[in-house]
There are 2 protein chains.
Amino acid sequence: MSISPFAPKSLPELPLITGVRLASCEAGIRYKDRKDLTLATFASGTVVGGVFTRSKTAAAPVDWCREHLAGGTARALVVNAGNANAFTGIKGRDAVRMTASSAAAAVGCEPGEVFIASTGVIGEALDPDKFDSKLGALEENLSDTAWEDAARAIMTTDTFPKLATRSVEIDGQSVSVNGIAKGSGMIAPDMATMLAFVFTDAPLTRQSAQAMCAAGAEKSFNAITVDGDTSTNDTVLLFATGAARARGVSEIPAGEDDRGRIIASAIEDVLRDLAHQVVMDGEGASKFITVVVEGAENPQSARRIAFSIANSPLVKTAFAGEDPNWGRVVMAVGKSGEAADRDKLSIWFGDIRVAAGGEVDPDYLEADAAAYMKKPELELRVDVGVGDATATVWTCDLTSQYIAINADYRS
Amino acid sequence: MSISPFAPKSLPELPLITGVRLASCEAGIRYKDRKDLTLATFASGTVVGGVFTRSKTAAAPVDWCREHLAGGTARALVVNAGNANAFTGIKGRDAVRMTASSAAAAVGCEPGEVFIASTGVIGEALDPDKFDSKLGALEENLSDTAWEDAARAIMTTDTFPKLATRSVEIDGQSVSVNGIAKGSGMIAPDMATMLAFVFTDAPLTRQSAQAMCAAGAEKSFNAITVDGDTSTNDTVLLFATGAARARGVSEIPAGEDDRGRIIASAIEDVLRDLAHQVVMDGEGASKFITVVVEGAENPQSARRIAFSIANSPLVKTAFAGEDPNWGRVVMAVGKSGEAADRDKLSIWFGDIRVAAGGEVDPDYLEADAAAYMKKPELELRVDVGVGDATATVWTCDLTSQYIAINADYRS
């Protein structure tokens, strides 16, 4: 499998997050000669927020996390790659419970403070014994710098590890937000499309952690699509250790205030950075495409039109062919079923207006747009002419490489 | 472009439909050395029913047909291939009006009795003068046997012409239904996915023609998908000349009676036959797949789940790879957002039950399903375990050939 052309030349350096330690190892669940099991531990007092797939066939670990999110505190995170523990019935639920018990014993906490995420093949039983024997050893090898190892150990069809970080100043102190994510196919909104874990030393409350995680996911992972397919295991978790409290940063409650906005914005930035990396590593992707819809009736309508464009196989193959095929954009606007005025519709590729007022722009030169389409990162903008609402989503093109990957890989 | 593996070895012989005559010619709109303009004429008294795309950016000829369907009578049909006359603004509306006038003059009827359909590139102006000079000559060359010529002249990316016929006995007389269709990509429900024209000598009323056209389309063209993309130009028209009246067949009004059921069933058969041919000619298709959903909450829910499966790129690429990847079927059920009980979900490939009760079937042997997947025509059945409603839709697989066709062809 070839590496995405968008793979970063170097990975970002993630700072320490006091209270967060990580370790990864080979559990041999599906892969050989690579790490596939990760344990992260959190200092006492760590709060957690989360957002999960809206799939009606959500996997066992998603059910577990949803149930225990109500508790609001987290001491450990266990992630395995290669087996999604989805559609595994009562055995799947048992496997999650046993994994939580094993991790709780290793870490010294309650099972309900252990969060679990799985990614990989759907429908194969997951043997929790494989974890049980490893979690104790992982606990002994925890490190506060093992970010890249963890980002690699959660990968499935990803071609590069995904890391992001931001630091902001609050109460005169530097507070950090680190994130790792995995995802490449089966990527569509309706939460969250893959696994992402974000860690901060900001002293959030349960409520502010949940609110910031949900708001950030909405503008990042819920605004991307690779293939319109929604995973059974999508999970975004935000862990806030509160360690910055010791440096004089006071608690940041939910609700609107400047300190909250600063850290919420950093969390959103990290999530968006990771979400963009997921699209850039979209299976077979050769183009990263920003779709902007303007002039819609309301934000929901704008979003539905944007996704109708971003998920259209004909639009995506046109991008793959570097063809400024705006007729297919018209088609995708039309099929969304949302309000749009055909005779006021305008379309731009980058700064090049190709259509306006329901007709091709008289000044439009196809050669200009064809030249623009050769760039790896592209923007498509559509004004549907009925209102003021806007939406932005991100997607990639659909290439024969996507077919090659998915006609063979058993997911 | 290679011919679909499902192309019929021989085309069906279509009988005469008294009152219907056809002719096709080269108008040179986009294609060279092939016919691309078709005129059909209908005897006085012919009634018409129609169903059209639900696209919000419907093309000018669709607007025209919708407007004049209210009149209920038809004397001519003009179809061009190569230019969809969509997103062509006021010029597009003028082109349709001028074409209707030209045809009306050639045939000797009102412009409002001329129905028009276009298919091809979106967004390029259509020059009606190209038709004006041809329609008179076409009228002089009308024939009552030129079905294959017409079926070929309406093709775009189709790799074979699509014809179907049924004859039934009503009032002791044979009554016939002939149909032709085109379509290969940009195929999804929400009406009707392409162009289809059905002709009968049955003495229908305006109301019964409309009702039978709509009911037949619902179970045929509205139950297929190639790529989930909905055209701006989808059109199904049913023309009923009533010529069988002269042979003693009395009028068939709308509503439930045996005679009406017989002809409605023949119309539905012709439409479904044509719809299946469209899927079998789906761009790049190597598999024809029947998706059956059972046990759903209600028929709409069953249909949405069936389309969620049939439109999933991951399900479609699994079929392309001959991989009985039922985990992706679980994913597609889940992402539909419709009610489904994960722990009662059952899945069959053909007669092979792969999953039941939220787990893989203990008797399931992957080798059996892998052997089944090598067949060109496949059935996937899913019981979602919450009710009694069912739905059936048809689709094809997603292959690298689809990408090759659509990364190059300007539609």
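In this predicted model, strand β7 of chain B, residues 173-182, is joined by 6 bridges to strand β8 of chain B, residues 195-200, and the two strands run antiparallel. Within this pairing, B:Asn178 has B:Phe199 of β8(B) as its bridge partner.

## The sheet in chain B

Both strands belong to an open sheet of 5 strands in chain B, where the order is β3-β10-β8-β7-β6 and the pairing is mixed. At the edges of this sheet stand β3, residues 47-52, and β6, residues 162-170, of chain B, each of which pairs on one side only. From one strand to the next, the twist averages 15°.

Two helices of chain B lie across strands of this sheet. Helix α1, made of residues 60-69 of chain B, lies across β3 and β10 of chain B, the latter being residues 235-240. Helix α6, made of residues 258-280 of chain B, lies across β6, β7, β8 and β10 of chain B.

## The sheet in chain A

Chain A has an open sheet of 4 strands in the order β1-β2-β4-β5, again with mixed pairing. Because β1 (20-25) and β5 (114-121) of chain A each have a single partner strand, they stand at the edges, and one side of each is left without a neighbour in the sheet. The twist here averages 10° from one strand to the next.

Strand β4 of chain A, residues 76-83, runs parallel to β5(A), and 8 bridges join the two. One position in this pairing is A:Ala76, which stands opposite A:Val114 in β5(A). Helix α2 of chain A, residues 89-107, packs on the sheet and touches β2 (37-42), β4 and β5 of chain A.

| Helix | Strand | Angle |
|---|---|---|
| α2 of chain A (89-107) | β5(A) | about 130° |
| α1 of chain B (60-69) | β3(B) | about 135° |
| α6 of chain B (258-280) | β6(B) | about 165° |

## Domains and nonpolar core

The domain assignment divides chain A into domain 1, covering 20-280, and domain 2, covering 288-408. The centres of domain 1 and domain 2 of chain A, taken over C-alpha atoms, are separated by 33 Å.

The largest nonpolar core holds 274 residues, and of these A:Ile309 and B:Ile309 touch the most other members. When residues up to four places away in sequence are not counted, A:Ile309 touches A:Val291, A:Val315, A:Val329, A:Ala332, A:Val333, A:Leu380 and A:Val382.

Notes. Residues are numbered from 1 along each chain as its sequence is written. Chains are lettered from A and ligands numbered from 1 in the order in which they are written. This is a predicted model: local features need pLDDT of at least 70, side-chain atom pairs count only at pLDDT 80 or more; totals for chains, interfaces and linings use all residues. Two strands pair if DSSP finds at least two bridges between them. Axes are lines fitted to C-alpha atoms, for helices over the stretch in contact, and angles run from 0 to 180 degrees between N-to-C directions. Two residues are in contact if their C-beta atoms, placed from the backbone, lie within 7 Å. Domain bounds come from an automatic or database domain assignment. A nonpolar core is a set of buried Ala, Val, Leu, Ile, Met, Phe, Trp, Tyr and Cys residues joined through C-beta atoms within 7 Å. A residue is buried if 20 or more other C-beta atoms lie within 10 Å of its own, exposed if 12 or fewer, and partly exposed in between; C-beta atoms are placed from the backbone.
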